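Here's a quick briefing to read with the model open beside you.

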Amino acid sequence: MTPNLLQNDVLRHLTFTLGKDPDHASLYDWRMALSFSIRDRIVGPWFASTRQTWAEDRKRVYYLSMEFLIGRILEDATVNLGLRDSAEKVMADFGQDFHAIVGDEPDAALGNGGLGRLAACFMESMATLGCPSYGYGIRYEHGLFRQRFEGGQQAEAPEDWLSQQHPWEFERPESAYTIGFKGEVITRDGRDIWQPGETVLASAYDTPVVGWQGKWANTLRLWGAKPTTLFDLARFNRGDYAAAAEPEALARTLSRVLYPDDTTYQGKELRLKQEYFLTSAALQDILRRFLANHSDLRALPKHVAIQMNDTHPAIAGPELVRLLMDDHGLSFEDAMDTARACLGYTNHTLLPEALERWATFTFGNVLPRHMQIVERIDSWHRRVYASRPHYVGIVKHHEVRMGELAFIMAHKVNGVSALHSDLVKKNLFPELDKLHPGRIINQTNGVTPRRWLKMCNRPLAGLITDSIGTGWEADLDRLKDLEKHISDKGFRDDFHATKRQNKAGLAQWIAQTQGVHVSPDALFDVQIKRIHEYKRQLLNILETIAHWSAIRANPNGTFVPRVKIFGGKSAPGYAVAKEIIHLINDVASVVNSDPVTGDLLKIVYPPNYNVSMAERLIPASDLSEQISTAGKEASGTGNMKFMMNGAVTIGTLDGANVEILQEVGAENFFLFGLTADEVIKRREDPDHSKKAIEGCQPLQDVLQMIAEGRFSPDQPDRYHGLVHRIWHHDYFLVADDFAAFHAEQKRVDAAYADRDAWVKMAALNTARSGFFSSDRTIRSYMDQIWDVKSAL
């Protein structure tokens with residue numbers, strides 16, 4: 001592809017697709033013209049991949065996820081197609097700034113955090129490896145929410161990413177399926193027949209996902225909800241205008257918002273409807289595709305692997321059984337055997353509240369036929385495994401337990417890090433593990449190095465290529481070849497220069513957007529993830545206050561200048577998490593204006609953290625904060641991105657931190673805190689937090705400052721509830737781990753003071769990060785769960 005051809009295509013799309021000439025084109029017009037031109041080059045391998053899959057009758061993977069946090073597509077696509085530099089030159093020839101064009105693209109508001117970003121990485125790796133696949137999700141109009149801060153508090157507004165045309169998708173109105181809710185189940189001729197009381201249409205929108213070097217492309221199919229009855233003309237003509245449009249409004253509600261607040265019954269019902277909407281549409285689509293070439297549905301597992309990404313799509317089990325029985329005439333036994341052989345379940349959490357449980361009233365009201373099938377599955381499982389005295393069922397205490405349902409209906413269940421998979425066996429599903437030995441396996445997560453190194457960190461990627469040659473992007477284990485260069489002072493200087501270049505760019509962005517001036521020579525200490533008590537942003541800000549207090553007590557001490565950077569959103573109904581956000585912002589206001597501490601400590605919390613912000617922050621980070629309570633984080637993937645980009649981890653033995661520590665070595669990792677077993681034991685003491693606070697003077701001082709209103713002078717009692725919680729209800733052991741965290745942060749200061757030694761640590765983190773490529777993860781899924789071969 002020559003720049004001239006791309007230039008001609010950009011001009012053609014600008015003129016004939018957008019109806020603009022170069023002299024009157026806006027930044028939006030140029031972005032759309034370039035996007036359409038790049039999309040044209042994806043369609044070729046996309047069609048070829050689809051034709052080859054059909055021609056060779058290949059088994060496909062179907063990845064069901066409520067989230068796909070894909071981020072911006074334009075630059076990522078140019079990188080994978082090898083057109084990044086050509087695109088920049090073409091736009092420069094038109095007098096346009098490529099970086100401004102890329103920055104004009106809105107992040108697709110299709111996810112919240114690690115779950116959705118993992119799904120996006122997996123889709124890209126499946127395309128890179130030639131694994132025929134579809135991703136299935138919901139085309140949310142407004143996503144999670146756009147975060148802003150008002151007086152330091154989180155405020156939510158709807159995302160508007162679809163207010164402009166989305167250039168990467170193809171609408172498929174011919175691929176639409178009727179989805180039913182509520183109604184009743186009647187018996188006719190000995191068969192149960194569901195007669196839904198409500199219906200909507202699931203209409204498909206396809207986005208091609210191209211792999212490295214454009215050799216293969218798969219499909220991300222997102223469902224938009226549309227009414228089965230567009231408009232009630234009779235009501236309109238009677239003057240009842242709002243009621244006339246009611247069917248459309250009710251349908252669109254299903255695909256408006258990700259994770260609607262479920263503190264009300266209406267919110268719970270909407271969530272369940274969303275999960276069924278996604279799952280039913282996907283399964284109907286899968287069966288249609290299979291039946292186009294085959295007739296015996298009992299052969300489905302030879303051609304279809306369905307992966308449930310967490311418990312949200314767990315309704316896939318009973319829905320697939322329903323479709324096979326009610327629509328296609330299979331017996332219950334054949335439907336069960338077929339469904340279980342197709343389905344796999346990835347567990348992503350050890351938190352009880354995230355393992356969804358639906359009241360049987362709600363479940364039976366919204367999905368009456370599925371309630372019958374779930375009860376039948378539960379009875380079948382209880383009968384087959386009746387030898388166990390303490391049977392753990394699906395329906396228990398008037399609840400439908402979706403984690404247990406997903407486990408029973410899957411032929412393989414996997415955790416996402418070695419520690420997590422062990423805890424899934426021991427703590428989460430111990431009885432089911434005994435009933436089904438060998439069903440639980442581990443698949444440690446990974447991230448795509450194309451986006452998270454090649455694209456987002458061009459200075460470091462260039463140094464890697466200069467040092468070890470090309471090809472590492474698709475064979476990340478080759479990063480080990482960097483180790484022999486790290487002993488060379490010249491290489492370490494170059495590595496440091498790439499990091500400083502990224503930090504200088506971030507410092508400029510912080511000044512422009514946040515109004516805070518920071519030095520690129522300071523230690524950039526970063527914690528970016530959704531706000532949750534178990535992720536312990538609270539521990540981080542408490543230690544930051546202690547650090548600030550220590551500087552104030554000895555302003556001429558040997559402190560390393562530090563910039564604390566936070567990023568992340570709280571769920572709208574999560575009051576404690578929102579209180580922690582408020583505290584961070586209140587502390588930042590005091591610290592950033594303190595003339596005593598000055599440039600020795602700054603706190604930055606940019607609002608509306610998303611993929612694009614992560615791509616800016618991670619390459620510029622020195623220290624990666626992975627400080628969750630041990631035994632609570634399933635894996636984490638941010639930790640892997642930081643490691644890949646040469647940040648050193650401070651963390652607990654939780655999630656994939658365990659494997660990062662194994663890969664990089666204890667001398668290149670700042671470890672602190674209780675282990676998962678020690679956490680359980682410590683909780684047995686009802687006074688554990690009180691004892692921890694009384695044994696740590698710095699923590700006492702910090703809590704006293706907060707309680708006195710030092711950071712909230714306009715409302716001194718603002719954080720009394722939060723302080724009381726730490727003293728008396730510290731379930732996530734912030735107080736117990738504080739002293740160790742505080743001590744380890746002092747070790748970080750001492751280590752960063754020796755810059756050359758720090759650079760060596762950072763470079764070794766990059767060199768030893770190859771294990772955490774999502775290509776490795778997907779190869780393992782293909783081999784151990786899906787039984788799928790590469791088409792390349």
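What follows is a short tour by topic. Keep in mind that this is a predicted model. It holds 62 salt bridges, has an open parallel sheet of 6 strands, and contains 7 cavities of 30 Å³ or more.

**The sheet**
- Reading across the open sheet, the strand order is β19-β18-β17-β20-β21-β22, with parallel pairing.
- The edges are β19 (601-604) and β22 (670-671), each of which pairs on one side only.
- Strand β20 (residues 623-626) runs parallel to strand β21 (residues 648-651), and 4 bridges join the two.
- Within that pairing, E625 sits opposite I650 in β21.

**Other salt bridges to look at**
- R492 pairs with D756, with the closest N and O atoms 2.9 Å apart.
- R492 is in helix α21 (residues 489-514) and D756 is in helix α32 (residues 755-767), so the bridge ties together parts that are 264 residues apart in sequence.
- R492 is buried, at 12% relative accessible area, while D756 is partly exposed at 29% relative accessibility.
- R298 forms a salt bridge with D334, and here the closest N and O atoms are 3.9 Å apart.
- R298 lies in the loop between α10 (265-291) and β10 (304-309), while D334 is in helix α12 (residues 332-342), 36 residues away.
- R298 counts as exposed at 51% relative accessibility, whereas D334 is partly exposed at 27%.
- There's also a salt-bridge network, which links R172, D206, R221, D285, R288 and R289.

**A nonpolar surface patch**
- L230, F231, L233, F236 and Y241 make up a nonpolar patch on the surface, with about 540 Å² of accessible area together.
- Y241 is part of helix α8 (residues 241-244) and is exposed, with a relative accessible area of 51%.

- The largest cavity has a volume of about 250 Å³.
- Its lining has 17 residues, and I70, I73, D76, V209 and R451 lie nearest the centre.
- α3 (74-80), α6 (114-128) and β8 (198-210) each give at least two residues to that lining.

Technical notes:
Residues are numbered from 1 along each chain as its sequence is written. This is a predicted model: local features need pLDDT of at least 70, side-chain atom pairs count only at pLDDT 80 or more; totals for chains, interfaces and linings use all residues. Side-chain values use heavy atoms; hydrogens and water are left out. Two strands pair if DSSP finds at least two bridges between them. Patches are made of residues with over 30% relative accessible area and no salt bridge: like charges are joined within 9 Å, nonpolar side chains (Val, Leu, Ile, Met, Phe, Trp, Tyr) within 5 Å. Accessible areas come from the Shrake-Rupley method with a 1.4 Å probe; for residues, only the protein chains shown count as cover. A salt bridge is a side-chain nitrogen of Lys or Arg within 4 Å of a carboxyl oxygen of Asp or Glu. Buried means under 20% relative accessible area, exposed over 50%, partly exposed in between (1.4 Å probe, protein chains only). On a 1 Å grid over the protein atoms alone, a cavity is a set of points where a 1.4 Å probe fits but cannot get out, and a pocket is an open set with protein on both sides within 12 Å along at least five of seven lines; lining residues have an atom within 4 Å of a point. Grid points are joined across faces, edges and corners, and a volume is the space filled by probe spheres set on the points.
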